[in-house]
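Subject: Structure handover and findings

Dear colleague,

Please find below the structure that I am passing on to you. My notes on it follow.

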Amino acid sequence: MFNFDAPQQRRGTWSTRWERYPADVIPLWVADTDFRAPPAVLGALQRRIAHGILGYSAPPEALRGAVIQRMQRLYGWRVEPGWVVFVSGVVPGLHLAARHLVRPDEHVLVPAPVYHHLKRAAVLAAREHTDVPLVLSAGRWVFDEDRLKDAVRPNTRLLNLCNPQNPGGTIFTRAELARLAAFAEKHGLVICSDEIHADILLDEGKAHVPIASVSREASRRTVTLISPNKAFGFPGAGCAFAIIEDPALRQAFCTDHHATVHDPSVFGYEASLAAYRECGDWLQAQLAYLRGNRDLVEREVAAIRGLKMAHVEATYLAWIDASGLGVPDPYQYFLERGVAMSPGAQFGAPGFVRLNFGTQRALLEKALQRMKK
């Protein structure tokens, strides 16, 4: 019904992913997929174009309702309409949290390795931060809870979380998140949770748990950032939302609204509403395809001497330990051989590379053969 194997031509379309490197390099780096957006999303955008008027747009109440219904249906999480704040993307949300929820003399805890904007937000806001290492435990990247306790200070204000974890691919369990929420409560911390990959769950039977849903107290101290952009393939359209129960946190987070941070575009609203209302079957088909790609990557990486990786529970990103190659810069090593991945240094781990397997399987097989050779 949905053909994810169909080759796509993205060069010449202003693609960040495809136009950074020469044509003979296979780009498996920045986290967007090479799949066409769902037919229902494309249909919604075509109808808006046909209408012909692209004026300023208010957040549609229908989309707010779809968000609330989705949180209740998937997670049993009751969200009130006033808690939902629409923003142009999760990344701006991370930066708003660092600038407006943390005073200049306060401190931020950042997991490592992690998607670089969780750290960059603190750096650009000139807020002091401490990297808290994740560790491999039973094949999963999880918090070193002893190191987390050691890192907290009297002036620590914010705990950043990436759930599911990027780049490690971990689906955190309810028990793990409950301990993290209890830690935040004990130390009076606000949690900023990037949950953009919540719908990209590859291990069947493992559920995403928003950390704000584990308890009412967790909800009161959490800013949850979510977007359908990644799972439904329209990051260029731009639409995300924050769920913030506490009125004071919500007011502070919204300081830059209509000032330095703009609202989503009308196309982002249209795409998001169509995704949440009509694209469940498409999402499940994409996940099945991505599982096949994930399994291929894990088999091939295991067969390449000098490389290893943990099992990917969620996301379409493989976090590959290349320290066994004995080369000073694994990213550059593979780039010179025709495969562009994200450098591990970007996530705080120079011996790693991150491979995006959200592409056609034939192209992925070609890239893995280059890596093996």
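In these notes, helices and strands are DSSP runs numbered from the N terminus, a helix (H or I) having at least four residues and a strand (E) at least two. In those terms, threonine 315 sits in the loop between β10 (308-309) and β11 (317-321). Please bear in mind throughout that this is a predicted model.

Backbone geometry

Threonine 315 has a positive phi near 75 degrees, although the residue is not glycine. Its relative accessibility is 0%, so threonine 315 counts as buried, the cut-off being under 20%. Alanine 138, in the loop between β4 (128-137) and β5 (140-143), also has a positive phi, near 55 degrees. Alanine 138, however, is exposed, because its relative accessible area is 80% and the cut-off is over 50%. The C-alpha atom of alanine 138 is separated by 9.9 Å from that of histidine 311, and the two residues are 173 residues apart along the chain. A further positive phi, near 60 degrees, belongs to alanine 126, which follows α4 (116-124).

One runs from alanine 112 to proline 113, with omega near 0 degrees; proline 113 lies in the loop between β3 (107-112) and α4. Another joins asparagine 166 and proline 167, with omega about 20 degrees, and proline 167 is in the loop between β6 (156-162) and α6 (174-187).

Asparagine 166 is also among the contacts of histidine 197, which, leaving aside neighbours within four places in sequence, are Pro164, Asn166, Lys230, Thr315 and Leu317. Histidine 197 is found in the loop between β7 (190-194) and α7 (216-220). With a relative accessibility of 2%, histidine 197 is counted as buried.

Pockets and cavity

The largest pocket holds about 1,300 Å³ of space. Its lining comprises 47 residues, and those closest to the centre are Arg10, Asp32, Phe234, Pro235 and Gly236. At least two lining residues come from each of α1 (39-51), α3 (90-100), α4 and α8 (229-232). By class, the lining of the largest pocket has 21 nonpolar, 18 polar and eight charged residues.

The volume of the second largest pocket is about 320 Å³. Of its 22 lining residues, Leu74, Asp199, Leu201, Leu283 and Gln284 are nearest the centre. Two or more lining residues are given by each of α2 (61-75), α10 (266-278) and α11 (280-302), and α11 gives the most, with five. This lining divides into 11 nonpolar, four polar and seven charged residues.

How many cavities of 30 Å³ or more does a search of the whole structure find? The search finds one. The largest cavity has about 30 Å³ of space and is lined by Arg70, Met71, Tyr75, Ala198, Asp199, Ile226 and Tyr276. Three of these residues come from α2, which supplies the largest share. Five of the lining residues are nonpolar and two are charged, with no polar residue.

The largest nonpolar core has 71 residues, of which Val41, Phe232, Ile243, Leu355, Phe357 and Met371 touch the most other members. The element that gives the most to this core is α11, with eight residues. Leaving aside neighbours within four places in sequence, valine 41 is in contact with Phe234, Ala271, Ala274, Ala275 and Cys279. There is also a second, separate core of 30 residues, including Val90, Leu118, Leu158 and Cys162.

Leu118 belongs to a buried group in α4 that also includes His117, Ala121 and Ala122. These residues are on the same side of α4, because they cover an arc of only 145 degrees around the axis. An α-helix has 3.6 residues a turn, so residues three or four places apart point the same way. Among the elements that cover the buried residues of α4 are α3, β3, β4, β6 and β7.

Finally, glutamate 300 is located in helix α11. Glutamate 300 is buried, since its relative accessible area is 17% and the cut-off is under 20%. Apart from neighbours within four places in sequence, glutamate 300 is in contact with Leu368, Gln369 and Lys372.

With kind regards

Definitions and conventions: Residues numbered from 1 in each chain as written. Predicted model: local features only at pLDDT ≥ 70, side-chain atom pairs only at ≥ 80, totals over all residues. Heavy atoms only, no water. 1 Å grid on protein atoms, 1.4 Å probe; cavity = no way out; pocket = protein on both sides within 12 Å on 5 of 7 lines; lining within 4 Å. Points joined across faces, edges and corners; volume = space filled by probe spheres on them. Nonpolar A, V, L, I, M, F, W, Y, C, P; charged D, E, K, R; others polar. Buried < 20%, exposed > 50% of the residue type's maximum accessible area, 1.4 Å probe, protein only. Arc of directions from axis to C-beta. Contact = heavy atoms within 4.5 Å. Core = buried A, V, L, I, M, F, W, Y, C linked by side-chain atoms within 4.5 Å.
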